[in-house]
Amino acid sequence: MKEVFLYTDGACSGNPGPGGWACLLVYKTQEKELSGGSTHTTNNQMELTAVINGLRQLKENCVVHLYTDSKYVLEGATRWLFDWKKNNWKKADKKPVLNQDLWQELDKQLSRHTIHWNWVKGHAGHPENERVDQLACQQRDLYSS
């Protein structure tokens, strides 16, 4: 199986407000940057969108080393997702899961790959995290005007 590195980030001004997302895929010596945004979104939506769009690019099952600075995405995917699905997309307090459509799409994308989750502290000098943060902020700023 191919081994791929995926770095993701989201940015938002206002939360909700204009936002951007970005990801960087690395396979051997090849790199691919993707980014986009929305005029009215949240930081969590942009974080999820970055991961989804990165995984969508992979045309076959891969081992993915996924790097994110979002505890929401990491905890959701590794700790909460199973119970949300089991409980018909309700949280422990019986309220609906926020961003359900994005979580369902992420679940679909995750099921295609072997994921190794890695949390990185944001704005701490991690080169690839800084790179995707800059791209996400550029998109956020584009959607701010």
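User: Which residues is Leu 106 in contact with, once its neighbours within four places in sequence are left aside?

Analyst: A contact list that skips sequence neighbours shows what the fold brings together, and in this predicted model Leu 106 is in contact with Leu 48, Val 51, Ile 52 and Leu 55 when residues within four places are left aside.

User: Which members of the largest nonpolar core touch the most other members?

Analyst: In soluble globular proteins, nonpolar side chains tend to be buried together. Here the largest nonpolar core holds 28 residues, and those touching the most other members are Leu 55, Val 64, Trp 103 and Leu 106. Two or more residues each are given to this core by strand 1, strand 2, helix 1, strand 4, helix 2 and helix 3, and the largest share, 6 residues, comes from helix 1. Another core lies apart from it, with 11 residues that include Leu 24, Val 26, Val 132 and Ala 136.

User: In which sense do strand 2 and strand 3 pair?

Analyst: Strand 2 (residues 17–27) pairs with strand 3 in the antiparallel sense, over 10 bridges, and across this pairing Leu 25 stands opposite Lys 32 in strand 3. The two strands form a hairpin with 2 residues between them, and Lys 28 in the turn has a positive phi of about 55°. For reading such strands by eye, the general idea is that in a regular strand the side chains alternate between the two faces of the sheet.

User: Is Thr 41 buried or exposed?

Analyst: Burial is judged from relative accessible area, and a residue counts as buried when that value is under 20%. Thr 41 has a relative accessible area of 4% and is therefore buried. This residue is found in strand 3 (residues 30–41), and its side chain makes a polar contact with the side chain of Gln 45 at 2.8 Å. Beyond its neighbours within four places in sequence, Thr 41 is in contact with Cys 12, Asn 15, Pro 16, Gly 17, Pro 18, Gly 19 and Met 46.

User: Where does Asn 99 lie, and what does Asn 99 contact beyond its neighbours within four places in sequence?

Analyst: Asn 99 lies in the loop between helix 2 (71–86) and helix 3 (100–110). Because its relative accessibility is 15%, Asn 99 counts as buried. With neighbours within four places left aside, Asn 99 is in contact with Asn 44, Gln 45, Leu 48 and Tyr 72.

User: What does Cys 62 touch, not counting residues up to four places away in sequence?

Analyst: Cys 62, which lies in strand 4, touches Met 1, Lys 2, Val 4, Arg 112, His 113 and Thr 114 on that count. Its relative accessibility is 2%, so Cys 62 counts as buried. The C-alpha atoms of Cys 62 and Val 120, 58 residues apart along the chain, are separated by 21 Å.

Note on methods. Residues are numbered from 1 along each chain as its sequence is written. This is a predicted model: local features need pLDDT of at least 70, side-chain atom pairs count only at pLDDT 80 or more; totals for chains, interfaces and linings use all residues. Side-chain values use heavy atoms; hydrogens and water are left out. Helices (H or I, at least four residues) and strands (E, at least two) are DSSP runs, numbered from the N terminus. Buried means under 20% relative accessible area, exposed over 50%, partly exposed in between (1.4 Å probe, protein chains only). A polar contact is a pair of N or O atoms within 3.5 Å; within protein, one must be able to donate a hydrogen and the other to accept it, and residues adjacent in sequence count only if both atoms are side-chain atoms. Contact means heavy atoms within 4.5 Å. Two strands pair if DSSP finds at least two bridges between them. A nonpolar core is a set of buried Ala, Val, Leu, Ile, Met, Phe, Trp, Tyr and Cys residues joined through side-chain atoms within 4.5 Å.
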